[in-house]
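User: I am new to reading protein models, and I would like to learn how to look at a sheet and at the helices around it. Could you guide me through one?

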Amino acid sequence: MSASQGSTPRRHGPAFASVVLDVDSTLSGVEGINWLAERRGGDVAAWIPRLTEKAMTGELSIAEVYAHRLQAVAPTRADLAALGDEYIRCAAPGARDAVASMQGAGVRVEMVSGGLLPAVQALGAWLGVPESQVHAVGITFSSDGAYEAFDAESPLATPMGKPELLRVLRLPRPLLAVGDGITDVVMRTDGEADAFVAFTAYTHREIIMTHADYVMSSFADVAELVLNGRAAR
């Protein structure tokens with residue numbers, strides 16, 4: 001018998017006041033830097049994904065690889081526009097509906113990513129997340145649209161950048177973090193998130209699942225947890 005049938009008292013309001021969502025391999029099946037590297041081909045396409053995986057499992061610090069990957073890929077303004085389209089094309093099934101249902105219940109939804117801001121903003125706009133609640137690493141281009149630099153001061157290009165940003169944002173609690181990598185786990189281990197969902201629709205990293213309060217592969221399940229406090233685990 002469901003709670004609505006009277007077996008369990010109904011929860012007053014959502015179980016979480018805020019939800020922080022990762023982007024690459026979470027809200028979208030794309031790992032942005034790897035996708036950009038594939039456009040370059042050759043050695044760049046071969047070794048960038050290996051660096052990315054080591055960074056996401058904590059074998060390498062994201063700070064060690066961030067600049068190297070961007071220097072090798074040198075994404076143009078046009079590349080970032082194309083990546084934004086690809087993020088949308090490969091958006092996780094049910095993500096848009098889940099975001100809308102959580103927002104409709106008064107939950108604060110934030111996108112927090114170590115990806116590149118123009119592409120992440122495109123996905124955010126499609127999902128209906130206000131631009132002020134979309135956080136990623138800034139990038140600059142020359143007048144002809146060529147890659148110039150990334151925002152080296154952005155905390156999101158560092159291992160502890162996500163909890164650092166959350167301390168500044170001071171989002172309503174309780175707060176749920178959702179992601180697939182070590183930079184997501186630290187929101188929980190550093191105490192800035194009250195629970196962590198390891199999202200496994202696209203990646204299955206044992207070290208990430210070990211630290212998770214919940215392991216989920218669908219945004220329908222994430223929304224159910226946020227809104228009603230129910231989960232398979």
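Analyst: Strand 1 (residues 18-21) and strand 2 (residues 108-116) run parallel and are joined by four bridges, where strands are DSSP runs (E, at least two residues) and helices are DSSP runs (H or I, at least four), numbered from the N terminus. Two strands pair if DSSP finds at least two bridges between them. This is a predicted model, in which local features need pLDDT of at least 70 and side-chain atom pairs pLDDT 80 or more, while totals for chains, interfaces and linings use all residues. Residues are numbered from 1 along each chain as its sequence is written, and side-chain values use heavy atoms, without hydrogens and water.

User: Which residue of strand 2 stands opposite V20?

Analyst: Opposite V20 stands E110 in strand 2.

User: What is the order of the strands in the open sheet?

Analyst: Strands of a sheet pair through backbone hydrogen bonds, either parallel or antiparallel. Here six strands form an open sheet in the order 3-2-1-6-7-8, with parallel pairing. Strand 3 (134-137) and strand 8 (214-216) are at the edges with a single partner strand each, so one side of each has no neighbour in the sheet. From one strand to the next, the twist averages 20°.

User: Which strands does helix 10 touch?

Analyst: Two elements are in contact when heavy atoms lie within 4.5 Å. Helix 10 (residues 219-228) packs on the sheet and touches strand 1, strand 6 (175-179), strand 7 (195-199) and strand 8.

Definitions and conventions:
Axes fitted to C-alpha atoms, helices over the stretch in contact; angles between N-to-C directions.
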